Amino acid sequence: MHQVIPGAPATGLGPAAPSDRPDPAPARIAQVVERSLARLGRRPEQVLQHLIALQQAFSFVPEAGIRALTERLDVTRAQCLAAIDFYAFLHRTPRGQYNILLSDNITDRMLGSQRLMQLLCERLGVDPGVPRADGRVSVDVTSCTGMCDQAPALLVNGFAITRLDEDRMRHIAALVDTRVPLQHWPQDYFAVSNHVQRSGLLLRDLEVRDAGLSALFERGGDAVLAEIERSGLRGRGGAGFTTALKWRFCRETGQPQKVVVCNADEGEPGTFKDRVLLTAYADLVIEGMTLCAGIVGAREGFIYLRGEYRYLLEHLEAVLQRRRELGLLGKQIGASARTALRSGLSVGRGTDAGINAGIGPDMDVISGAAQTGDQTSNQTSNQTSAVRGRLDAVDGPFDFDIQIHLGAGAYICGEESALIESLEGKRGVTRKRPPFPVTAGYLNRPTLVNNVETFLAAARVAEHGGYWLRSEGTDLSAGSKILSVSGDCALPGVYEVPFGTSVRELLDLCGAQSVQAVQVSGAAGSTLSAEELDRVLAFEDLPTAGAFMVFGQQRDLLEMVRNFAGFFVHESCGFCTPCRVGGVLLRDLIEKVASGRASAHDLEEMRRIGDLMRRASHCGLGHTAPNHLLQTLEKFPWIYQTRLASAEYTPAFDLDAALAEARRLSGRDDPGAHLAS
Amino acid sequence: MAIVEGRFRLDGVEIPFQPGQTIMDAALAAAVYIPHLCHHPALLPHGSCRVCVVRVNGREVSSCTTPATAGLEVESETEALRALRVAILQMLFVEGNHVCPACERTGACELQAVAYHCGMLEPHFTHFFPRRELDASHPDLVLDLNRCILCERCVRASRDLDRKRVFAVAGRGLDSHLIVDSPTGRLGDSRLELTDQAAHICPVGAILLRQRAGDVGERHGFRVPIGERPYDRESISRVGDVATLVEES
Ligand SMILES: Cc1cc2nc3c(=O)[nH]c(=O)nc-3n(C[C@H](O)[C@H](O)[C@H](O)COP(=O)(O)O)c2cc1C
Ligand code: SF4
Ligand code: SF4
Ligand code: FES
Ligand code: FES
């Protein structure tokens, strides 16, 4: 699928000469604010969406925009600033007219992204992170953009360019220098392939027929929920919580005003399957959400779409609109939809016919981050029996509609409670639990959060029944898993395989040879050595939200460790001490190892800090952030040991280097001005 | 008399609790001290500092946010947990600029007092020496972010007790920092008043009251000589909020 690049005003590439870019005119700011208010309303929880609108219009959030928002919504200036400083895609000073962000996952780096970045910066005469003096362009890195199967990739003003190489970089520099508007850039730059390399139970069937919803109208919520229960479907976002339990709990809770949220934040490095699902199977995902709303009795729904997938917004809005027109969203779903569905009216798949040709936008699924963080979710199930109350879920026609909320560059917002904070317009800081979202989530209302793939699977289970899903997989992990495969393999892309498939089988499928390590479930997941390839992808062995990154023999795994450690420092929300400070201490120690200055003592120290983070952090991010380090220390000790400066203790800083300033000031650089090493 | 919902055991000692109480609430009410910094009895539980970490059912949780439930076995004063707490405290020390001997809050500082209680002897980790601001624009108070530990007590007090929202935390990760809601971002231009609860709730020397000759009451605190301040004489585990709460109940 090609991305629809809006015209000049929206991308900030208007006719104004870059050199005399004055502050945006107050009238324009007011206009943008008014338009956003008209579209989204004045509830304070919309403030983040308004800030994103300002950012998109001006490449930063102007002070006058903040003032306008504080005057019109019940939010303070400090709240706006707090959010702007939290989200990586929001800024208080202008970015370049062309704002270029290179994806900085290890899989991008393995394909030379750092060299390409250097090339681009040189060509453009710009320093990373600093807008060029004429305001034309800024270049920086960003966390994994979910294009690992067609890396290296970048975002320019929010739109994805994939398959970067030196030629592309040179051409991009020329396009920027000659101020070619984005919509006139070569369209194939913006092509994002789906790369569905293997379809199974779910992906094989592309037809949209809303049969899951028909089942709901014909058989009622109880019967469909019983099928989902029978299927044993577990959440695909990583934690693997039993979907039917969560839905039943929500259905049975007496409180009104329930909310259904589709977690499309897919920020786990190396995950991109949700991108493909939202591109090519959006109807099915939305059908799953609608089904869920019908069963639990929710009227309001959200898709929380990560900012990196902003290019999918128009497409998703179009799918929502089409479904509204068909009576599958909005008021009285089931009343007319029933007739529409029965008469066999095909809903159509809109713009996505390209899937089989492998052309279409992509994104990643967050994988392992959730594992520890979500263990506590299991407690919800304990509460379930206690709350067997009255059922007030709808079985007849029901009202339900969906809004899309954009994220703005924050991995933590994939964690369900941080996501809810973000939906409420705040910084994405994880909430304490209990209460669980399903009891008190969005605006304290019962909120059901599921992954994109979970909704899709639920829709198909409603159609085919519970046993259908159980026809594949293992006892504890029914059905199939959709995986995002990248790194050193011949055929990166999306693979749907039955749960229980071994790592080795998947490596064979994707054409990976002489494998040194596999990172399952993203930066937060598990690092497997070549001795562990018979382990199986299933909740009982290797739970995964979908990422599968392959590292060949030629790779230096310490580069992976450095990349992940930097990622977690960048993405820690900063709420709790162990993750906020511990992550930085770890990153610094890893850099110390990489520069050949570390000692055995430092390795011990890293273990200790990692253990602390795992045990004492507030949320799943901190719990899983040291995984890669602790596991490589255990399984690949030589990547550290061969770099140690001494077996004992070396200082954290280089004494001689610390004297550089003094040498410069005194104009000396003779041997006497250096410490003997 | 409050209804007792049940009892749990904290290091083997039976602790009664009422419906809705956390492990921390119940422990404090029973005059049993669990080290804590971001927790304050007058505020909603927060759970950010992690100093109150305890072990329940084989895993570590923050006692200030975990509901008490009947029959729970909670470990707190074990060597392993003490070591965790010390490491967390050391992280807080190296993250900011805490020069206790030169700090006006010394002896009355909860960070310092909890560190003494837990047996922290040195900061251990490499200091970050961050550059942070000092805001002296307010007539009655000074805000010195060098010592802020991001406990958000002031944020919560201003929002929930004073109903003003004067403080907020901005940014993320290590860049998280306290900001003030005012047109200039300065405390002097904010709505903070000396009578606000937020002005008196900081556990460390980040929000300090200014003093003038002849000040009495709280404001004369600094003239109490070092060595005679609350936690100089007795451990925070005996004279901190754990003691006040017992007096009240
Ligand atoms: C740091 C972190 C990031 C997460 N990111 C995502 C994500 O991007 N997508 C997702 O579906 N779940 C993510 N999760 C898991 C969610 O918290 C939640 O468990 C999930 O959305 C529930 O849906 P499911 O039951 O369908 O898996 C993340 C968890 C953590 C701790
Ligand atoms: S572990 Fe703590 S600092 Fe890290 S993301 Fe979670 S709440 Fe934030
Ligand atoms: S100023 Fe004090 S009360 Fe406020 S967050 Fe910082 S340390 Fe906590
Ligand atoms: S006192 Fe419990 S986390 Fe701070
Ligand atoms: S002595 Fe603790 S902050 Fe000053």
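**Entry 1: the model.** I note at the outset that this is a predicted model, and I read every value below as computed from it.

**Entry 2: helix 7 of chain A.** I looked up helix 7 of chain A, which covers residues 113-124, and found that its twelve residues reach 16 Å from the first C-alpha to the last, close to the 16 Å expected at 1.5 Å a residue. I then listed its buried residues, which are Ser113(A), Leu116(A), Met117(A), Leu119(A), Leu120(A), Cys121(A) and Leu124(A). These buried residues pack against strand 1 (98-103), helix 6 (106-110), strand 2 (137-142) and helix 8 (166-177) of chain A. After the helix comes Gly125(A), and I recorded that its phi is positive, near 65°.

**Entry 3: salt bridges within chain A.** I first took the count over all chains, which comes to 74 salt bridges, and then went through several pairs one by one. Arg323(A) forms a salt bridge with Asp283(A), with 2.9 Å between the closest N and O atoms. Because Arg323(A) lies in helix 14 (residues 313-325) of chain A and Asp283(A) in helix 13 (residues 282-296) of chain A, the pair ties together parts that are 40 residues apart in sequence. I also checked accessibility here, and both Arg323(A) and Asp283(A) are buried.

The next pair was Asp399(A) and Lys331(A), whose side chains meet in a salt bridge at 3.8 Å, N to O. This pair links distant parts of the chain, since Asp399(A) is in strand 9 (residues 398-406) and Lys331(A) in strand 8 (residues 330-333) of chain A, 68 residues apart. Asp399(A) is buried at a relative accessible area of 18%, whereas Lys331(A) is exposed at 65%.

I then turned to Glu421(A) and Arg431(A), which meet in a salt bridge at 2.7 Å, N to O. Glu421(A) lies in helix 18 (residues 416-423) of chain A and Arg431(A) in the loop between helix 18 and strand 10 (447-451), so the pair ties together parts ten residues apart in sequence. Glu421(A) counts as buried, at 14% relative accessibility.

**Entry 4: the domains of chain B.** The domain assignment gives domain 1 (7-77) and domain 2 (88-233) of chain B, and their centres, taken over C-alpha atoms, are 25 Å apart. The contact takes 18 residues from domain 1 of chain B and 19 residues from domain 2 of chain B. Together the two domains bury about 1,300 Å² between them, 68% of it on carbon and sulfur atoms. Leu37(B), Leu43(B) and His46(B) supply 43% of the area that domain 1 buries against domain 2, more than any other three residues.

**Entry 5: chain A against chain B.** Here 43 residues of chain A are in contact with 42 residues of chain B, and the buried area is about 3,400 Å², of which carbon and sulfur atoms give 57%. Phe575(A), Arg580(A) and Arg615(A) supply 18% of the area that chain A buries against chain B, more than any other three residues. The count across this interface is four salt bridges and 22 residue pairs in polar contact. I also looked up Glu571(A), which forms a salt bridge with Arg172(B) at 3.1 Å between the closest N and O atoms.

How values were computed: Residues are numbered from 1 along each chain as its sequence is written. Chains are lettered from A and ligands numbered from 1 in the order in which they are written. This is a predicted model: local features need pLDDT of at least 70, side-chain atom pairs count only at pLDDT 80 or more; totals for chains, interfaces and linings use all residues. Side-chain values use heavy atoms; hydrogens and water are left out. Helices (H or I, at least four residues) and strands (E, at least two) are DSSP runs, numbered from the N terminus. The expected span of a helix is 1.5 Å times one less than its number of residues. Buried means under 20% relative accessible area, exposed over 50%, partly exposed in between (1.4 Å probe, protein chains only). Contact means heavy atoms within 4.5 Å. Domain bounds come from an automatic or database domain assignment. Buried area is the accessible area (1.4 Å probe) that two parts lose on being put together, summed over both. A polar contact is a pair of N or O atoms within 3.5 Å; within protein, one must be able to donate a hydrogen and the other to accept it, and residues adjacent in sequence count only if both atoms are side-chain atoms.
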